[in-house]
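Have a look at the model first, then read on.

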Amino acid sequence: MNIHEFQAKQLFRDYGIAVPAGSPATSVSEAVAVARGIDSDGWMVKAQVHAGGRGKAGGVKKANNVEEVEQISGSLLGTHLVTHQTTAEGQPVNTLLIEATSGIEREMYFGMLVDRASKRVVMMASTEGGMDIEEVAANTPEKILTIAVSPVAGLQGYQVRELGFGLGLSGEQIKALGQIMRALYLLYRDKDCSLIEINPLITTTEGKLMALDAKITFDDNALYRRPDITALLDASQDDEKEHHAQQFGLNYISLDGNIGCMVNGAGLAMATMDLIKLHGGSPANFLDVGGGTSAEKVAEAFKLILSDEKVAAILVNIFGGIVRCDLIAQGIIRAVQEVGIAIPVVVRLEGTNVEAGRSILEQSDLAIITGDSLTDAASKVVAAVQGGAK
């Protein structure tokens, strides 16, 4: 789960990490009021969207006076910001962060994430702050410094010094870096984060360290025990269908094709989409209904798929392991009857009681096409889209 920059910076403040003075605003008048309440020679007006590349896309602008704050805020609020990380439609700008400008001496990068290979939280730093870290990693990987923090021993002093010296810091700045690193490690652990980034982490003209930007991502699997974090979710930044799917425990991602896919298991879903492409079709979505699917979940999955007007046929590919195929077949029939599907539906079942499941589907009065294998089902659903299903 992602949160906005202003929310991440409030968490930084809670953990004692220095950030510029600033507050969110959801209207032009509120933006002007926030600016007037901050003693500064200028203000940064920053669009709050869940996407990187805001500055290059015109979503981060400097205002030299209150009139410019008003003008910039009016030009951003209510629009959609398109960056290299968004779709062509962009992300809606409903909130702005108005904050004081900062005197910058140097820009650096700092990040934290889980390295599953080493089973450690890895801290990364680079002197190349303000740049896309992916470009730095690709072109000058030697400029990225990393340390792995043991979950038993925790962050060690020598690790702080290693990154500090690598960044060209000294004296009080290394001490300040250590305070930031320890605070971030606590935040990462306390709130079940999966990613923290500060880009850039700056040294000010007074020689102080400050987080000029803030990005935090949380582990979705831990949100059940983090109601304070769940409350920070901005559903307007998510795909509407994907957000609806989450409410029913469905994993859904919209794609550009016209063949809806309903599968139980992420790996099986990927294989299903590959087979559709292999036979000349194009999947309209990735949809994993989970291993212990039910008739209710299947019905919601059908509704979700059908909410996409591009969908011309549906392929259901279910492996009955935890749930028997005959029960799955009954659930599919009930779901098709409830939703009232008017487009071709191809079903491939495999697993426990598969013959009974196929028999139930074939004996139903519904126009459900059965597939003997995944390859057979994929070819049939592509033919159905092209008008050749039998």
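## Helices that touch

In α2, the residues Val28, Ala31, Val32, Ala35 and Arg36 meet Val66, Val69, Glu70, Ser73 and Gly74 of α3, where contact means heavy atoms within 4.5 Å. By class, this contact of α2 with α3 has 6 nonpolar, 2 polar and 2 charged residues; here Ala, Val, Leu, Ile, Met, Phe, Trp, Tyr, Cys and Pro count as nonpolar, Asp, Glu, Lys and Arg as charged, and the others, Gly among them, as polar.

Before going further, a word on the source: this is a predicted model, where local features need pLDDT of at least 70 and side-chain atom pairs count only at pLDDT 80 or more, while totals for chains, interfaces and linings use all residues. Residues are numbered from 1 along each chain as its sequence is written, and side-chain values use heavy atoms, with hydrogens and water left out.

Helices (H or I, at least four residues) and strands (E, at least two) are DSSP runs, numbered from the N terminus. Two packed helices are described by the angle between their axes and the distance between the axes. Axes are lines fitted to C-alpha atoms, for helices over the stretch in contact, and angles run from 0 to 180 degrees between N-to-C directions.

| Helix pair | Axis angle | Axis distance |
|---|---|---|
| α2 (residues 28-36) and α3 (residues 66-76) | roughly 145° | within 9 Å |
| α5 (residues 157-166) and α6 | roughly 120° | within 9 Å |
| α9 (residues 266-278) and α13 (residues 374-385) | about 55° | 9 Å |

α2 passes α3 in a right-handed crossing; a crossing is left-handed if the near helix is turned anticlockwise from the far one by less than a right angle, and right-handed if clockwise.

Next come α5 and α6, whose axes cross at roughly 120°. That angle makes α5 oblique to α6, since angles under 35 degrees count as roughly parallel, over 145 as roughly antiparallel, 65 to 115 as roughly perpendicular and the rest as oblique. The crossing of α5 and α6 is right-handed. On the α5 side, the residues in touch include Gly157, Val160 and Phe165, and on the α6 side they include Ile174, Leu177 and Met181.

For α9 and α13 the angle is about 55°, so α9 is oblique to α13. Their crossing is right-handed. Ala271, Thr272, Leu275 and Ile276 of α9 meet Leu374, Thr375, Ala378, Val381 and Val382 of α13. That contact splits into 7 nonpolar, 2 polar and no charged residues.

On a 1 Å grid over the protein atoms alone, a cavity is a set of points where a 1.4 Å probe fits but cannot get out, and a pocket is an open set with protein on both sides within 12 Å along at least five of seven lines; lining residues have an atom within 4 Å of a point. Grid points are joined across faces, edges and corners, and a volume is the space filled by probe spheres set on the points.

The second largest pocket holds about 280 Å³ of space. Of its 16 lining residues, Val114, Val121, Tyr188, Arg189 and Cys193 are the closest to the centre. The largest share of the lining, 3 residues, comes from α6.

The structure has 1 cavity of 30 Å³ or more. The largest cavity has a volume of about 40 Å³, and among the residues lining the largest cavity are Val347, Arg358 and Asp372.
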